[in-house]
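Please keep the sequence and the model in view while reading.

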Amino acid sequence: MKIPLLLLASLGLLRAEEERVNLDQTSMKNLGIKTFMATEMTFEHTFFAIGALQEIPSNHSVVSSRIAGRVVDLKVIAGDRVSEGDEILKVESRQPGGPIITLQAPASGIIAESHVRLGEPVDPSKELLDILDLSQLWAIARVPQQEAGKLDIGTKARIQIPALKGETIEGKLVRFGTEADPSSGTFDAIFLIQNPDLKLRPGMRSAFSIITSVR
């Protein structure tokens, strides 16, 4: 004799109902049972690397004089912040009755190094000041060669800076180094990071948690 499908379904439902245990709040408390609302989470696959911060070469400006002479006015020293177009020093020509040339900052940034003092002679071939725009930096991770193949341009990393009490910032992979280091078996992965408050400086050590996949 064939049993109708609807009846089978009903029997299964009844069996399930018979096996169900209903607990009230008191029973759940006595058994130590807790319930939680399900939430969506992201799982990441990462690997660890170490490295350091570096200035972006294209953000390094140099100030020089187009005439030979001597410095008669110096308005900045290393560590000062300047904006593009700011007057930073004056050079008096060596020629008798020669003009005084005012030199301006070619870009905004921090005076990284001064190569000149007030009254010092200058030559057009000599660098006078170095200016660094530190609003963005490169964070260079020394990645094990076996991990380098997992990385693509745009890969993200969480980067900790020990000098800033372990502060974590996010970086995005923008390029790779030109050569591998055979002695350490590593390859440079270069991440772009933002530095709006200018707390970060080139040379600071960094620890990288590089994200290779997300699900």
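## A buried loop residue

Leu-198 counts as buried because its relative accessibility is 17%, where buried means under 20% relative accessible area, exposed over 50% and partly exposed in between (1.4 Å probe, protein chains only). Leu-198 is placed in the loop between β13 and β14; helices (H or I, at least four residues) and strands (E, at least two) are DSSP runs, numbered from the N terminus. The phi angle of Leu-198 is positive, near 60 degrees, in a residue other than glycine.

## Basis of the model

The model is predicted: local features need pLDDT of at least 70, side-chain atom pairs count only at pLDDT 80 or more, and totals for chains, interfaces and linings use all residues. Residues are numbered from 1 along each chain as its sequence is written, and side-chain values use heavy atoms, with hydrogens and water left out.

## Overall form

The chain contains 3 helices and 14 strands. Its radius of gyration is 32 Å, well over the 17 Å that the globule rule gives for 215 residues, so the chain is more spread out than a compact globule. The radius is taken over C-alpha atoms, and the rule is 2.2 Å times the number of residues to the power 0.38. Along its principal axes the C-alpha trace spans about 125 × 45 × 30 Å. Of the 215 residues, 30% are buried.

## The barrel

A barrel is closed by 6 strands in the order β1-β10-β13-β12-β11-β14, with antiparallel pairing. From one strand to the next the twist averages 40 degrees; axes are lines fitted to C-alpha atoms, for helices over the stretch in contact, and angles run from 0 to 180 degrees between N-to-C directions. Two strands pair if DSSP finds at least two bridges between them.

Strands β1 (residues 44-54) and β14 (residues 205-214) run antiparallel and are joined by 9 bridges, with Glu-44 opposite Val-214. Strand β10 (residues 136-144) pairs with β13 (residues 186-194) over 9 bridges, also in the antiparallel sense, and here Gln-136 faces Gln-194. The hairpin of β12 and β13 has 4 residues between the strands, and its Gly-185 takes a positive phi near 70 degrees.

## Salt bridges

The whole structure holds 10 salt bridges, each a side-chain nitrogen of Lys or Arg within 4 Å of a carboxyl oxygen of Asp or Glu. One of them joins Glu-44 to Arg-158, with the closest N and O atoms 2.8 Å apart. Glu-44 lies in β1 and Arg-158 in β11 (residues 156-161), so this pair ties together parts that are 114 residues apart in sequence. Glu-44 is partly exposed at 38% relative accessible area, and Arg-158 is partly exposed at 33%.

Lys-156 and Glu-170 also meet in a salt bridge (3.9 Å, N to O). Lys-156 belongs to β11 and Glu-170 to β12, so the pair ties together parts 14 residues apart in sequence. Lys-156 counts as partly exposed at 42%, whereas Glu-170 is exposed at 53%.
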